[in-house]
Amino acid sequence: MTNGDAMRTLSRRGMLGLGAGAAATVGLGGCGTFTSSDKPGRAGDSGSDRPSSSPKPAARPLGDGSTSFTGKQPHQPAKPEPLEPGQTPPQFVVFSWDGAGEVGNGLFPRFLDLAKEHGGSMTFFLSGLYLLPESKKRLYDPPNNQRGASDIGYLSDDHVKATLANVRRAWLEGHEIGTHFNGHFCSGHGTVGDWTPQQWRSEIDQAKGFVKEWRTNTGWSDLLALPFDYDKELVGARTPCLLGQNNLLPTARELGWRYDASSPGGRQTWPDKQQGIWDLPLQQIPFPGHSFEVLSMDYNILANQSVNSTKAPAYNYPGWRKQASQAYIQGFKRAYETNRAPFFVGNHFEQWNGGIYMDAVEAAFKYIAREKEKGEDVRLVSFRQFVDWMDVQKPEVLAKLRTLDVGQEPTGGWKEFLRVTPSSGSTASGQPASGQATSG
């Protein structure tokens, strides 16, 4: 089965036994690429206690009142600082979620609770259609597809309301709200892989519009506004099925976005920029019991375990659950014990194969959080918080970090490896020094 076949099988056949609501939630279609290869604290690593309930800042309504400006986002890490000569880099870990809809299975609040318990932040790539009632679906005009079309369907009104409540809570608890765009088209004539930069701009404008105008589109006046200005909040994305990045990037740059998390088949090395945008791919990580590696996303682990079935025989589940959690844990340990490259994990709110992938990501999150709670410099952050740190590092330091391959320890240890930091060209731009080649 080819990569595309696996994706189409999941996206076109009713999500293989998932209920309609669950299928809509996960933004599926296989967002990955099939490869064979209780200590509350502030988000990030500040360690200050979170309040027991979300703060209620004074709000200035924006537009139709769907969103509002409430000031600086709560629960953010301390202002990042450049590494000192000889200092060991932190181990950054980013857990992210594609689609980010809540359909009554409790997965969105489950992982918000988990992050809150351990003082971590995550990135939620919200699908704009999850805030648009199906009765208004003709408001969506997807590039190269029929008006109102969507390969992930639409949520019920109750589920739209639940998604709004959880997105609001997520932002107030320090998490990032990115975008997973809208209709999730992964194959055929209308695939996002063929969209032009102008078509990406249309898709982005619509995705933002569904967030900024949900009150107008639903007619609901009794729900709380989202507590952020989405034009300012939105600085990064992940495309459906990790397709179409090359044509997305010019538009992302024009919009002032800071990163893109759409690259397939990334490796556990320090990232660089493409077309002026931080390129933060899902990564190939060890796959226990196999000589090849697997991409760091639930879909790709499933594709290597049960191929195209989300309801395989249950006797497989215990072994597969352990294999999935160990893949994440081994990926983390390999980076942490060697080159300290950031570790990126992507998932969906899904219940495939009895929910084993949700259990696996929770087990991995807890394992990593325990390392942080032991006092290690492990930081559970959002993509936005990670690029905040990258942008203040000396270009020469980042260039040196990029020389470390997957699983490669720094020669002489970190004290020696980063002992000398050239002073020339040391700006907090995140760009290489003058005369050094750049990507893209």
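In this predicted model, Q274 stands opposite I277 of strand β8. The two strands concerned, β7 and β8 (residues 277–279), are antiparallel and are joined by two bridges. They belong to an open sheet of three strands, ordered β6-β8-β7, with mixed pairing. β6 (259–260) and β7 (273–274) are the edge strands, each pairing on one side only.

Parallel pairing is found elsewhere. Strand β3 (residues 91–99) and β11 run parallel and share six bridges. Within this pairing, F95 faces V345 of β11. Strand β11 is mostly covered, with six of its six residues buried. In a regular strand, side chains alternate between the two faces of the sheet. Both faces of β11 are covered. F343, V345 and N347 are buried on one side. F344, G346 and H348 are buried on the other.

Strand β4 (residues 123–126) and β5 are also parallel, joined by four bridges. F125 lies opposite G178 in β5. With helix α4 (residues 157–172) between them in the name of the unit, β4 and β5 make a right-handed β-α-β unit. Strand β5 (residues 176–179) is covered on both faces. E176 and G178 are buried on one side, and I177 and T179 are buried on the other.

F185 and W195 form one of them, a tilted pair. Their ring centres are 6.4 Å apart, and the planes make an angle of 55 degrees. F185 and W195 both lie in the loop between β5 and α5 (197–212), so the pair ties together parts that are 10 residues apart in sequence. Both partners are buried: F185 has a relative accessible area of 2%, and W195 has one of 0%.

W414 and F417 form an edge-to-face pair. The centres are 5.8 Å apart, with 85 degrees between the planes. Both residues sit in helix α14 (residues 413–417). Because they are three residues apart in this helix, about one helical turn separates them. W414 is buried, at 11% relative accessible area. F417 also counts as buried, because its relative accessibility of 9% falls under the 20% cut-off.

A further group of rings makes up one aromatic cluster. Its members are F92, F125, Y259, W270, F344, F383, F386 and W389. F125 is the residue set opposite G178 in β5. F344 is among the buried residues of β11.

Backbone geometry is next. Most residues other than glycine have a negative phi. V307 is not a glycine, yet its phi is positive, at about 60 degrees. V307 is located in the loop between α9 (298–305) and α10 (317–336). N353 belongs to the loop between β11 (343–348) and α11 (356–373).

Helix α12 provides the largest share, four residues. By residue class, the lining divides into 13 nonpolar, eight polar and 12 charged residues.

Technical notes: Residues numbered from 1 in each chain as written. Predicted model: local features only at pLDDT ≥ 70, side-chain atom pairs only at ≥ 80, totals over all residues. Heavy atoms only, no water. Nonpolar A, V, L, I, M, F, W, Y, C, P; charged D, E, K, R; others polar. Buried < 20%, exposed > 50% of the residue type's maximum accessible area, 1.4 Å probe, protein only. Pairing = 2+ DSSP bridges. Right-handed = clockwise from strand over helix to strand, strands pointing away. Phe/Tyr/Trp six-rings, centres within 6.5 Å; stacked < 30°, edge-to-face > 60°.
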